[in-house]
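Subject: Structure handover

Hello,

Here is the structure I promised to pass on. Please open it alongside this email.

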Amino acid sequence: MNPDTVIDAVSGVFMVTGALMSLAAAIGLLRFPDLMSRMHAATKPQVLGLFLLLAALGLQMRTWSVWPVLLVAWLFQLLTVPVSAHMVGRAGYRTKHLHPELLSSDELEAIVQRAAQKAARQAATHGADDDEAGR
Amino acid sequence: MMQTVLTVTAVVLSLAAAGAIVRIARGPSLLDRVLAADVLLAIFGAALCIDMAANRHLNNLMLLVAISLIGFVGSVTVARFVADRREGVRES
């Protein structure tokens, strides 16, 4: 068993596993009930799947010089995916695209409530000022 | 062996792309569609990667980075758009 065959086998396993990550994301998209759980499924091909496929590519090229480029491509994905996931998740929370009964804990709830109370109090005091100015 | 791997990954990625497209078509809200489009883009990236690995070239690497950049900009823009519109509705 020469090393070439071993490297081929490892990269083949990586490729099939990386493709299965995409399939898992698609199944999760189809079966999960709300936006937050679908976001959980969608991350698999974006991070682990891409890592496995880039590793397979690096193994197939049989040279060390491509690894830094592949690492940069993966790190770039690793930097951008959390930002877009954060934006989508925040927009989803604000527009009520979630089933609150499915959440095990909702840390944002208390903060939103406090901000809403503060806004209501400010509106009440401003309203009183307006009344006095009217009289 | 590489032929077998290519066949298996082609079938798996086709199924995954079909699932993502079904979610884009059905998706109850705009954000679900954005998420599914992001996954579809990731599947395209995976297909590009597998093509490069199987044929041992690096021609698609810049395209891969460009695709992930487009997905990032697209989903952030749409998320901002959705949030702004809802805020405007609540304030008015």
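Below is what was found in it, by topic.

First, a caution: this is a predicted model.

**Where the chains meet**

Start with the contact between chain A and chain B. On chain A, 45 residues take part, and they touch 42 residues of chain B. Three helices of chain A each give two or more residues to this side: H1 (3–31), H2 (35–61) and H3 (67–94). H1(A) gives the most, with 15 residues. What is this side of chain A made of: nonpolar, polar or charged residues? It has 28 nonpolar residues, 13 polar ones and four charged ones.

**The nonpolar core**

Next, look inside. The largest nonpolar core holds 49 residues. Both chains build it. From chain A, H1, H2 and H3 each give two or more residues. H2(B) provides the largest share, 15 residues.

Which residues have the most contacts inside this core? Chain A has Leu53(A) and Val88(A) on that list. Chain B has Leu35(B), Val39(B), Ile43(B), Ala46(B) and Cys49(B).

**Domains of chain A**

Last, zoom out. Chain A splits into domain 1 (3–100) and domain 2 (105–135). Their C-alpha centres lie 43 Å apart.

Best wishes

How values were computed. Residues are numbered from 1 along each chain as its sequence is written. Chains are lettered from A and ligands numbered from 1 in the order in which they are written. This is a predicted model: local features need pLDDT of at least 70, side-chain atom pairs count only at pLDDT 80 or more; totals for chains, interfaces and linings use all residues. Two residues are in contact if their C-beta atoms, placed from the backbone, lie within 7 Å. Helices (H or I, at least four residues) and strands (E, at least two) are DSSP runs, numbered from the N terminus. Ala, Val, Leu, Ile, Met, Phe, Trp, Tyr, Cys and Pro count as nonpolar, Asp, Glu, Lys and Arg as charged, and the others, Gly among them, as polar. Domain bounds come from an automatic or database domain assignment. A nonpolar core is a set of buried Ala, Val, Leu, Ile, Met, Phe, Trp, Tyr and Cys residues joined through C-beta atoms within 7 Å. A residue is buried if 20 or more other C-beta atoms lie within 10 Å of its own, exposed if 12 or fewer, and partly exposed in between; C-beta atoms are placed from the backbone.
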